[in-house]
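User: I would like to learn how to read pockets and helix packing in a model. Can we work through an example?

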Amino acid sequence: MALLTALVAFLYHLPQVYKWLLKPYYIASLFMSVAFLAVRKTPGICDHLPTQREDGNSCDFDWREVEILMFLSAIVMMKNRRAITVEQHVGNIILFSKVANVMLFFRLDIRMGLLYLTLCIVSLMTCKPPLYMGPEYIKYFSDKTIDDELVRDSRVTWLVEFFANWSPECQSFASVYADLSLKYNCAGLKFGKVDIGRYGEVSKKYRVSASPLSKQLPSLVLFQGGKEVMRRPQVDKKGRAVSWSFTEENILREFNLNELYQKSKKLNKTKGDKISQSQFPPVPEEDETEQQGAEALDSESKKDK
């Protein structure tokens, strides 16, 4: 039953998957990922390649090539165990496929290895991974606005993502964070993002390293009253991030988003009551109305006299 449900879900989203995979970045990455396979298996090209096979068949993999492919396949499987989204799964496959191609081409011929490495660099510079462009309730901060927004209203809780556009982890997490903002954003609980790859001063002030070696990207920080309450991932004494998986379930549990959302809804009602009271004057009580009417009649009778 579980397999049937997964198959139905895949078929339902198949048009979206095709639309997503047909973007220039993924088309170029697909060709780069199968480059060695195409060279090794294409008749007329593979006939002129060197080989270490005992039968001398240069159009098939030798034992060392198979060993490299199996080793990197195992690494992909290990990395994908912690992957959250489809983008992360596909990104891991593309990354390690390119690594395998570099190793295989350099082993085959150093000139082919240099040519493939050059193509990888050009592809990286010209074809950027597509950014998330779906619906979201997220406010984007700059180095000049983040401090003011966090302290503008002490009753508002902010969940802020510190990210960098070049980080694959941040790109994969974008859809998860956007979905959370659609579900939990309200007047008392707001979602924000700031690009620390662009605003270096923000990175220093809030102690979030943009270095790939620190593994702090993305970082989620919860602010209440303008002060930091908690962050994930946590950072050890050496400045390295403690391993943490950015799944929706983990975020809901660690940041108590359901509880925060319920409290924020009460803030919404309080604000609504204050607005309604300020817009409409208080209605006088029945006794007061009768007394005001009697006084008006007395004043009119005195004028007649």
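User: Which residues lie nearest the centre of the second largest pocket, and how many residues line it?

Analyst: Note that this is a predicted model. As a general idea, rolling a probe the size of a water molecule over the atoms shows where empty space is left. Here, 18 residues line the second largest pocket, and L131, Y140, F163, N165 and K193 are those nearest its centre. The space in this pocket comes to about 330 Å³.

User: Which elements each supply at least two residues of that lining?

Analyst: They are the strands β1 (138–141), β2 (157–163) and β3 (189–195), together with the helix α9 (168–184). By class, the lining of the second largest pocket has 11 nonpolar, five charged and two polar residues.

User: How do I read helix packing?

Analyst: Two packed helices are described by the angle between their axes and the distance between the axes. Take α3 (residues 24–33) and α7 (residues 110–126): their axes come within 11 Å and cross at roughly 165 degrees. That angle is over 145 degrees, so α3 is roughly antiparallel to α7. In this contact A28, M32 and S33 of α3 meet Y116, L119, C120 and S123 of α7. Five of the contact residues are nonpolar, two are polar and none is charged.

User: How is α3 set against α6, parallel or oblique?

Analyst: The axes of α3 and α6 (residues 86–108) come within 9 Å and cross at roughly 40 degrees. That makes α3 oblique to α6. On the α3 side Y26, S29, M32 and S33 take part, meeting E87, V90, I94, S97, K98 and N101 of α6. This contact of α3 with α6 has four nonpolar, four polar and two charged residues.

Terms used. Residues are numbered from 1 along each chain as its sequence is written. This is a predicted model: local features need pLDDT of at least 70, side-chain atom pairs count only at pLDDT 80 or more; totals for chains, interfaces and linings use all residues. Side-chain values use heavy atoms; hydrogens and water are left out. Axes are lines fitted to C-alpha atoms, for helices over the stretch in contact, and angles run from 0 to 180 degrees between N-to-C directions. Helices (H or I, at least four residues) and strands (E, at least two) are DSSP runs, numbered from the N terminus. Angles under 35 degrees count as roughly parallel, over 145 as roughly antiparallel, 65 to 115 as roughly perpendicular and the rest as oblique. Contact means heavy atoms within 4.5 Å. Ala, Val, Leu, Ile, Met, Phe, Trp, Tyr, Cys and Pro count as nonpolar, Asp, Glu, Lys and Arg as charged, and the others, Gly among them, as polar. On a 1 Å grid over the protein atoms alone, a cavity is a set of points where a 1.4 Å probe fits but cannot get out, and a pocket is an open set with protein on both sides within 12 Å along at least five of seven lines; lining residues have an atom within 4 Å of a point. Grid points are joined across faces, edges and corners, and a volume is the space filled by probe spheres set on the points.
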